[in-house]
Amino acid sequence: MPGGEEDRRKRPLSVTLVALLALGVAVYSTVYGVVILEGGEADRLADGIFHLALGLGALVAGVGALRLRPWAWAAFMTWAVVGLTHQILRYLFFGDPTYADMAINTFAVLALSPLEVQIAFGLRHTENVELARPTRNPLDNH
């Protein structure tokens with residue numbers, strides 16, 4: 001129905017990759033949390049609950065990113081900043097950072113920062129923005 005259709009935005013590939021990473025974290029954290037809780041050790045109860053909550057948060061953020069919800073972009077950027085800060089502090093004070101976590105968080109920031117991605121999430125407007133390279137007219141000899 002012309003005019004009444006919902007404005008459908010194209011999801012950039014980088015957003016899909018970050019969302020799939022989040023869904024992978026959701027599955028891993030949920031399974032890890034369940035394994036810890038099934039172990040029945042009282043001193044690991046908080047760790048198991050934390051991983052279940054982390055899995056739920058990653059699932060919600062991943063689905064939100066696939067649907068291009070603006071809050072999902074903010075959630076990923078916040079998650080990446082907290083994660084990178086945590087790893088930098090581990091490097092500085094304990095000498096044992098998890099470089100895979102640093103790489104994933106850095107990838108998320110770099111993948112979600114371009115203007116095209118922010119426009120897809122509805123965070124930036126497209127007024128006065130030229131997203132495509134202008135095509136050169138072969139007849140112009142300037």
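This is a predicted model: local features need pLDDT of at least 70, side-chain atom pairs count only at pLDDT 80 or more; totals for chains, interfaces and linings use all residues.
**Helix α1**

Residues are numbered from 1 along each chain as its sequence is written, and side-chain values use heavy atoms, with hydrogens and water left out.

I find α1 at residues 13–39, with 27 residues. Helices are DSSP runs of H or I of at least four residues, numbered from the N terminus. From its first C-alpha to its last, α1 reaches 39 Å, close to the 39 Å expected at 1.5 Å a residue; the expected span is 1.5 Å times one less than the number of residues. Gly40 follows α1 and has a positive phi, near 75°.

I then listed the buried residues of α1: Ser14, Val15, Thr16, Val18, Ala19, Ala22, Ala26, Ser29, Gly33 and Ile36. Buried means under 20% relative accessible area, exposed over 50%, and partly exposed in between (1.4 Å probe, protein chains only). Their cover includes α2 (45–66), α3 (70–93), α4 (99–112) and α5 (115–120).

**Aromatic pairs**

I searched for rings of Phe, Tyr and Trp (its six-membered ring) with centres within 6.5 Å; planes under 30 degrees apart count as stacked, over 60 as edge-to-face and the rest as tilted. The count comes to 2 aromatic pairs.

Tyr28 and Tyr32 form a stacked pair, 5.9 Å centre to centre with 10° between the planes. These two residues are 4 apart in helix α1, about one helical turn. Tyr28 is exposed at 55% relative accessibility, whereas Tyr32 is partly exposed at 29%.

Phe76 and Trp79 have ring centres 6.4 Å apart and planes at 10°, so this pair is stacked. Phe76 and Trp79 lie 3 residues apart in helix α3, about one helical turn. I note that Phe76 is buried, with a relative accessible area of 6%, while Trp79 is partly exposed at 29%.

**Nonpolar surface patch**

I located a nonpolar surface patch of about 850 Å², made by Ile88, Leu89, Tyr91, Leu92, Phe93, Phe94 and Tyr99. Patch residues have over 30% relative accessible area and no salt bridge; nonpolar side chains (Val, Leu, Ile, Met, Phe, Trp, Tyr) are joined within 5 Å. A salt bridge is a side-chain nitrogen of Lys or Arg within 4 Å of a carboxyl oxygen of Asp or Glu. Accessible areas come from the Shrake-Rupley method with a 1.4 Å probe.

Helix α3 gives the most to this patch, with 5 residues. I checked Leu89, which has its place in α3; Leu89 is partly exposed, with a relative accessible area of 41%.

Technical notes
Contact means heavy atoms within 4.5 Å. Patches are made of residues with over 30% relative accessible area and no salt bridge: like charges are joined within 9 Å, nonpolar side chains (Val, Leu, Ile, Met, Phe, Trp, Tyr) within 5 Å.
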